[in-house]
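Here is a short briefing for a first look at this model. Start with the view below, then read on by topic.

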Amino acid sequence: MIVLPTEKKILRFEDKRYILFFSTLAGIFSFIESILPKPFLFVKIGIGYIPILLIIDKISYIPLISIILLKTIITGIFAGTLFSFTGVLSIIGSFGCIVAYSIIFPFVKKLSKVSISILLATFTNIFQLIFYSYFIVKDFNLLKILPFVNLISIITGFITSLITIKIEENFIIFEFDKIKGNK
Amino acid sequence: MKKIAKSFFRKGDLLIYFFIFFVTSLPFILTGVLKITGNIHESLSIEINYNGTHYLYSLEEDREIRFKNDRIIVEIKDKKVRVKESDCPDKLCMKRGWIDKPGQFIICMPNKLIVKVIGKEEYDSITY
């Protein structure tokens with residue numbers, strides 16, 4: 001029988017090894033999702049971004065970008081798709097995510113997790129779609145499906161943020177305050 | 001309760017949602033602008049190959065193209081094309097009827113006639 005914790009668990013990080021912790025966690029989540037059956041290829045909720053969303057407003061710019069990039073590389077190594085077409089598409093998606101984060105970084109604390117998650121999902125999918133239509137299909141007519149892709153991004157981004165908010169409210173408290181240069 | 005509501009919506013979110021709405025509607029806006037300025041050429045044309053000679057016509061204009069002393073008539077009407085008359089024995093080219101999609105063609109073997117619609121072909125499916 002599974003007993004859920006009644007009190008919130010405090011995760012305290014005293015040095016920058018939390019980058020490795022979260023990138024590995026995100027990588028494992030992403031890998032688990034990649035082996036689960038999907039309704040359509042590339043349509044996934046994006047549970048790999050849950051650890052990133054949990055700490056997006058708590059840590060600084062460079063550590064978060066490192067986590068996003070490491071997550072992509074770790075997932076690629078686990079799934080064996082690092083240098084394949086899927087891996088390249090995943091890296092492009094990560095760049096989209098980094099661009100979105102770079103835009104919202106100055107006022108990330110003034111945004112809710114829902115909007116951040118939706119924006120990251122949207123940028124990830126837009127970057128992948130542009131790359132796919134320009135370099136693979138070489139036909140910009142494919143961009144006509146952008147509204148449909150964005151609709152999926154909004155739904156998946158909302159689901160991811162919902163899980164993140166529930167985890168944050170009920171289970172874990174993160175403490176990064178003692179790390180130098182983190183804020 | 002207030003804290004829970006805050007994790008779902010803050011004032012700054014409106015900007016993000018507006019941006020996403022703008023990006024989502026961008027293809028519609030761009031298509032509309034390009035259509036108004038006339039930068040989108042979706043017009044199709046007809047390539048006719050008769051006895052080894054190529055002829056090119058637009059599908060936009062209604063007309064009749066005659067070969068072999070009016071014994072073969074190719075008709076373009078309402079952005080569609082057909083072989084209206086032919087002196088071939090089986091009349092298969094006439095039975096083919098109207099064609100209007102890029103990649104479709106009519107072939108009349110006895111008269112060495114090929115009528116083909118040219119334009120940007122649509123994908124049946126994409127695989128990778």
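The model is predicted.

**Chain A overall**

- Chain A has six helices and two strands.
- Along the sequence, the pattern of chain A is β-α-α-α-α-α-α-β.
- Along the principal axes, the C-alpha atoms of chain A fill a box of roughly 50 × 45 × 30 Å.
- Of the 183 residues in chain A, 36% are buried.
- Take the contacts in chain A with a separation of 6 or more: 75% of them join residues 24 or more positions apart.

**The nonpolar cores**

- In soluble globular proteins, nonpolar side chains tend to be buried together.
- The largest nonpolar core here has 35 residues. Among those with the most contacts inside this core are A:Ile52, A:Ala100, A:Leu119 and A:Phe123.
- Several helices each supply at least two residues of this core, including H1 (18–35), H4 (85–104) and H6 (146–170) of chain A. Helix H2 (13–37) of chain B is also one of them.
- H5(A) gives the largest share of this core, eleven residues.
- A:Leu119 is in contact with A:Ala100, A:Ile104, B:Ile16 and B:Ile20, leaving aside its neighbours within four places in sequence.
- Another core, of 13 residues, lies apart from the largest one. Among its residues are B:Val74, B:Ile76, B:Cys108 and B:Val117.

**Helix pairs in chain A**

- Two packed helices are described by the angle between their axes and the distance between the axes.
- The axes of H1(A) and H3(A) come within 7 Å and cross at roughly 40°. That angle makes H1(A) oblique to H3(A).
- The crossing of H1(A) and H3(A) is right-handed.
- Residues of H1(A) that meet H3(A) include A:Ile19, A:Phe22, A:Gly27 and A:Phe31. On the H3(A) side, the residues include A:Pro63, A:Leu70, A:Ile74 and A:Phe78.
- The axes of H4(A) and H5(A) come within 7 Å and cross at roughly 135°. H4(A) is therefore oblique to H5(A).
- H4(A) passes H5(A) in a right-handed crossing.
- Residues of H4(A) in this pair include A:Leu89, A:Phe95, A:Ala100 and A:Ile104. They meet a set in H5(A) that includes A:Ile116, A:Leu120, A:Phe123 and A:Phe131.

**Where the chains touch**

- In all, 21 residues of chain A are in contact with 17 residues of chain B.
- H5 and H6 of chain A each supply at least two residues of the side that touches chain B.
- H5(A) gives the most to that side of chain A, with eight residues.
- B:Ser7 lies in helix H1 (residues 2–8) of chain B. Leaving aside its neighbours within four places in sequence, B:Ser7 is in contact with A:Ser112, A:Lys113 and A:Ile165.
- B:Ser7 is partly exposed, because 17 other C-beta atoms lie within 10 Å.

**Chain B overall**

- Chain B has three helices and seven strands.
- From the N terminus on, the elements of chain B run α-α-β-β-β-β-β-α-β-β.
- Of the 128 residues in chain B, 12% are buried.
- Among contacts in chain B with a separation of 6 or more, 25% join residues 24 or more positions apart.

**The S3–S4 loop of chain B**

- Most residues other than glycine have a negative phi.
- B:Lys68 is not a glycine, yet its phi is positive, near 50°. B:Lys68 is in the loop between strand S3 (63–67) and strand S4 (72–77) of chain B.
- B:Lys68 is partly exposed, because 13 other C-beta atoms lie within 10 Å.
- B:Asn69 is exposed, because 7 other C-beta atoms lie within 10 Å.

Technical notes. Residues numbered from 1 in each chain as written. Chains lettered and ligands numbered in written order. Predicted model: local features only at pLDDT ≥ 70, side-chain atom pairs only at ≥ 80, totals over all residues. Helix = DSSP H or I, 4+ residues; strand = E, 2+ residues; numbered from the N terminus. Buried ≥ 20, exposed ≤ 12 C-beta atoms within 10 Å, placed from the backbone. Contact = placed C-beta atoms within 7 Å. Core = buried A, V, L, I, M, F, W, Y, C linked by C-beta atoms within 7 Å. Axes fitted to C-alpha atoms, helices over the stretch in contact; angles between N-to-C directions. Parallel < 35°, antiparallel > 145°, perpendicular 65-115°, else oblique. Left-handed = near helix turned anticlockwise from the far one by under 90°.
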